[in-house]
Amino acid sequence: METHKYFFHEAHFASLPNKSNVYLLANLRTASGYSKVLVAPIKGKACTVEYAQHRGEFRPEEVEFAYIPDDAELIAIHSFCKSKDEGLVIAVTLVKDYNSVKPTYCLNIYRPWESGSEFNVESISKNFCTIELDFIPHFIFSGSLFNKDGETEAMILLSSNDNKVEIFQEDKDVANRWNRCDSPDAFPEFHSLPSVLLWFHSKILDGKQRLTAVGCQDGYLRLCLVSLETNEIITQWECQHDSAITCVQLFTERSCQEPAASKDSGSLEKVQVDFNLVVTSAMEISVIYRNVLQNGFTEQLLLEDSDKYDCTLCACVADIDWDGEHEILIGTYGQELLAYKLKAAPSEDGSPCTPVKPSQPPSDQTTLENDNVFDPPKESQCKPSYELIWKRSFGHPLLTMQYMDVTGDGLGELVVVSTKGIHILQHNLSDAADILMERLMMQDSTCSSLEDTND
């Protein structure tokens, strides 16, 4: 295993009064572009962590959300921004009277209620809409659909204990009044799930298509490419793992460019995007499926040793060494944070080689890979691999994490939630400055060479 001196050090830790869970961390994006951290324990008050520029330190503050009783238990929290003018929306699911014969499950939605408070969490937490639920909620996330006028409309989605995804949309006439959406075809990728949806991730391709990955409690994994114009599934892949899927995340290998897809939303062959999918599961080794739009689940790379530290609960994709390529971060209940990097395998003569991609799967709507069973890849003579390049031990199990810019300096921080509290891991700023100066000098040298050539 390689070591890298400028990955992370712990810049701040804030304890929580009680344990949190995998769904109780949210990224509050501000109008200035940087992030505030919102984290909550299962029982007790939530708190935000932001960076105080004038004091040069991280500052945690408690947030008291309205209409959450002291004895309630929080299940999940999520935030999104409908638009810059409308500000943040914060959604919280909770259970009241958990130990009673018939506990009450609720969805609370918080919105700004006055001009100037669009990103003020303290103000947002007082203006709420509450909806009593007739199911047990799990994962909470947001999405958008085109309405009849051709405009995008934000939705709140909840996975439920009856293997469905329930959708809520805001009333057009009354601010912050949300209603259950009864349209069965709103998100076709969630139809007929075999068990509870535990994690979900999607990417919009050039405004024309939505690529969605879904992981379920029984190990079922689904990947769908959906046309946003017709709201129909273009193609779908399925795979079965042997244990619960704890996290899925779509990503591209390159971090310095925004992927774009073909404008022809009806042709899979013309989509020129290489999306990969990282999948973690409770009892299995974590795996990367490469170029899923072309290969589905046929090209797999394992994250070695990711199954040696108890249950793997979370994953994060970030360019932590600033080389323009994404690395994979894995968090485990065994108190270890693991970082993996893609390494090209050398050929027999020692030169790098490019692996041969498997043939494209049939273009029918549903494709079952490897007889619908997860099968670890066999070794080949020339094949890239993900190597463990760094790891860090914690004193408590890791639950969830996100990579976000909390300090507003353009460098991301890794926010990790453990059973004890919230850890903010920061890059070494001196090393970051050295790399910046090196690249500025390279850029200056390149520009000078071009000017000499033109002369």
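**Entry 1: R180 and E166**

I looked up R180 and found its side chain in a salt bridge with that of E166, at 3.1 Å from N to O. I noted the cut-off: a salt bridge is a side-chain nitrogen of Lys or Arg within 4 Å of a carboxyl oxygen of Asp or Glu. R180 sits in strand β13 (residues 178-180) and E166 in strand β12 (residues 165-170), so the pair ties together parts that are 14 residues apart in sequence. Strands and helices here are DSSP runs, numbered from the N terminus: E, at least two residues, for strands, and H or I, at least four, for helices.

How exposed or buried are the two partners? R180 is partly exposed at 35% relative accessibility. E166 is buried at 12%. Buried means under 20% relative accessible area, exposed means over 50%, and partly exposed lies in between (1.4 Å probe, protein chains only).

I also wrote down the ground rules. This is a predicted model, in which local features need pLDDT of at least 70 and side-chain atom pairs count only at pLDDT 80 or more, while totals for chains, interfaces and linings use all residues. Residues are numbered from 1 along each chain as its sequence is written, and side-chain values use heavy atoms, leaving out hydrogens and water.

I then searched for salt bridges over the whole structure, and the search gave 21. Shared partners join K36, E50, R59 and E61 into one network. E50 is buried at 12% relative accessibility. R59 is partly exposed at 27%, and E61 is partly exposed at 37%.

**Entry 2: Confidence**

I looked up pLDDT, the predictor's confidence in each residue, from 0 to 100. The chain has a mean of 86, and 84% of its residues reach 70 or more. Residues 257-271 fall below 50, and this stretch has 37 contacts in the model beyond near neighbours in sequence. Residues 354-366 also stay under 50, with 27 contacts beyond four places in sequence. A contact means heavy atoms within 4.5 Å.

**Entry 3: The chain and its cores**

I counted three helices and 29 strands in the protein chain. Of its 455 residues, 54% are buried. Among contacts between residues at least 6 apart in sequence, 57% join residues at least 24 apart.

Which residues have the most contacts inside the largest nonpolar core? They are L277 and I328, in a core of 83 residues. Such a core is a set of buried Ala, Val, Leu, Ile, Met, Phe, Trp, Tyr and Cys residues joined through side-chain atoms within 4.5 Å. Beyond four places in sequence, L277 touches residues including A213, L221, V248, F251 and F297. Apart from this core lies another, of 21 residues, including L24, A46, A72 and L94.

**Entry 4: The surface**

I found the accessible surface of the chain to be about 21300 Å², with 47% belonging to carbon and sulfur atoms (Shrake-Rupley method, 1.4 Å probe; for residues, only the protein chains shown count as cover). L436, M437 and L440 form a nonpolar surface patch with about 300 Å² of accessible area together. L436 lies in helix α3 (residues 429-454). Patch residues have over 30% relative accessible area and no salt bridge; like charges are joined within 9 Å, and nonpolar side chains (Val, Leu, Ile, Met, Phe, Trp, Tyr) within 5 Å.
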